[in-house]
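Student: I'm new to reading protein structures. Could you walk me through one, feature by feature?

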Amino acid sequence: MKCPNCNAEVKKGSLYCDKCLTEIPWVKEFNSVETLMEKKKMEEPGEHLSNIRRRYSLLGMPIRKRHIRKLISGKRKGVVFCAFFLLISMLVYRQLNTFSALYQRGDRAYTNGDYETALILTEKALDKKPNHLRANLLRAKILEAEGDFSSAILVLKPVLKKHPDSAAAYKMMLRLLHHEGQTAEIKKLLAACRNQDILDECSEYISHAPTSSLASGTYTTAQQVELFSEGETIYYTLDGSKPTEKSLVYSGPVTLVEGTTVLKAMSVNGKGISSLVMTWEYILVYGVPDPPKIYPEDGNYNKGTKIELEVPDGCVAYYAFDEEPTVNSTKYQNPISMPVGYHEFYAILEAANGEVSEVAYREYYLEY
């Protein structure tokens, strides 16, 4: 500092100027901008050199340049290590949350019986790949293991649409439907499948319709019918009604009776799934048939009256006016218009065995 009177230099701490003995007015030093910047540097991670020296002096250690370099180097290494650790953590997190990692962890949790964790991980994997086949199948398996069969079925329905050639998806769906007793849905699903390899793999759910040893038709001799199915139970009826599991159980050949028999049968496999219902119609005719019944009775009639014949199954009717018919006469097929005037109407029946009935007869008079 300089003397305010003579401008001579004054030693720091002196109360009077050595030259002119003028009193020196010492004042408190204020913080300058430079001072504040220095203090800021001391507060930063890379401490100022003076702070480093002060720390070492307080510890009673000699100050050497290598100590200072070591401390500064340590700080830098710490920053680098933190950055490296953060980078590795991010990479590990990303790796653990890829589709493959989530799916594998979910599969492992399912194998270990931890279904709750398995479902969470699998659903996270499906968020990344919603249509992935194995992940959807795993989700359905987890739901099945938890006893939520209806939800598992809902998961598999869109899977089958997107992956119609997946035998694994079909087999799982069929297993779930069978557990829920939805046999109609099983038959519907298999009927829509066009992949023979899948049908072969799922054959245990397919019930094959029975077959008959005798084709439908008219017979003139005693007949027996045998039914066949691939080791499955056969239920049948003889009156044309639809068979159920309360109907007759086939155990041997069925003997036909004279007349018309409508045989219906179905098979039921070991899983309780029924087949299509098969139908056969048999007409059995023995001996000479009775004369045909003719309508209307004898009498006088107006224009437009029709003549009708009652023809039993297995027989054919023939007719003629004013003469007896033969098997070469006009074959009866539809009601016949009555001719004008007086006429005699004759008709016969021919059975399947070739036997011909007696002649039936009526007298008609039709007014013009």
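Student: How many bridges join strand β13 to β14, and which way do the two strands run?

Tutor: Before we start, keep in mind that this is a predicted model. Two strands count as paired if at least two bridges are found between them. Here 2 bridges join β13, residues 315-321, to β14, and the two run antiparallel.

Student: Why is β13 described as largely enclosed by the rest of the structure?

Tutor: Think about how much of each residue is covered: under 20% relative accessible area counts as buried. In β13, 5 of the 7 residues are buried, so the strand is largely enclosed by the rest of the structure.

Student: And is L366 buried or exposed?

Tutor: L366 counts as buried, because its relative accessibility is 2%. You'll find L366 in strand β17, residues 360-366. Leaving aside neighbours within four places in sequence, its contacts include Y301, M338, P339 and V340.

Student: How far apart are L366 and V340, in sequence and in space?

Tutor: They are 26 residues apart in sequence, and 4.8 Å apart in space from C-alpha to C-alpha. Take contacts between residues at least 6 apart in sequence: 51% of them join residues at least 24 apart.

Student: Which residues make the nonpolar surface patch?

Tutor: Y342, Y361 and Y365 make it, and the patch covers about 290 Å². Y342 sits in strand β16, residues 341-351. With a relative accessible area of 45%, Y342 is partly exposed.

Student: Which strands make up the open sheet of 3 strands?

Tutor: Its order is β10-β12-β15, and the pairing is antiparallel. β10 (293-295) and β15 (336-337) are the edge strands, each pairing on one side only. Between β10 and β12, residues 306-310, there are 3 bridges. I294, for example, has L309 in β12 as its bridge partner.

Student: Now a helix. What span does α7 reach, and what is expected?

Tutor: To judge a helix, compare its end-to-end reach with what its residue count predicts. α7 covers residues 149-162, so 14 residues, and reaches 21 Å from its first C-alpha to its last, close to the 20 Å expected at 1.5 Å a residue.

Student: Which residues of α7 are buried, and what covers them?

Tutor: The buried ones are F149, A152, I153, V155, L156, V159 and L160. Their cover includes helices α6 (133-145), α8 (167-179) and α9 (183-192).

Student: Last one: how many helices and strands does the protein have?

Tutor: There are 10 helices and 17 strands. Of the 368 residues in the protein, 32% are buried. The protein exposes about 23,800 Å², and carbon and sulfur atoms supply 53% of that.

Terms used:
Residues are numbered from 1 along each chain as its sequence is written. This is a predicted model: local features need pLDDT of at least 70, side-chain atom pairs count only at pLDDT 80 or more; totals for chains, interfaces and linings use all residues. Side-chain values use heavy atoms; hydrogens and water are left out. Patches are made of residues with over 30% relative accessible area and no salt bridge: like charges are joined within 9 Å, nonpolar side chains (Val, Leu, Ile, Met, Phe, Trp, Tyr) within 5 Å. Accessible areas come from the Shrake-Rupley method with a 1.4 Å probe; for residues, only the protein chains shown count as cover. A salt bridge is a side-chain nitrogen of Lys or Arg within 4 Å of a carboxyl oxygen of Asp or Glu. Helices (H or I, at least four residues) and strands (E, at least two) are DSSP runs, numbered from the N terminus. Buried means under 20% relative accessible area, exposed over 50%, partly exposed in between (1.4 Å probe, protein chains only). Contact means heavy atoms within 4.5 Å.
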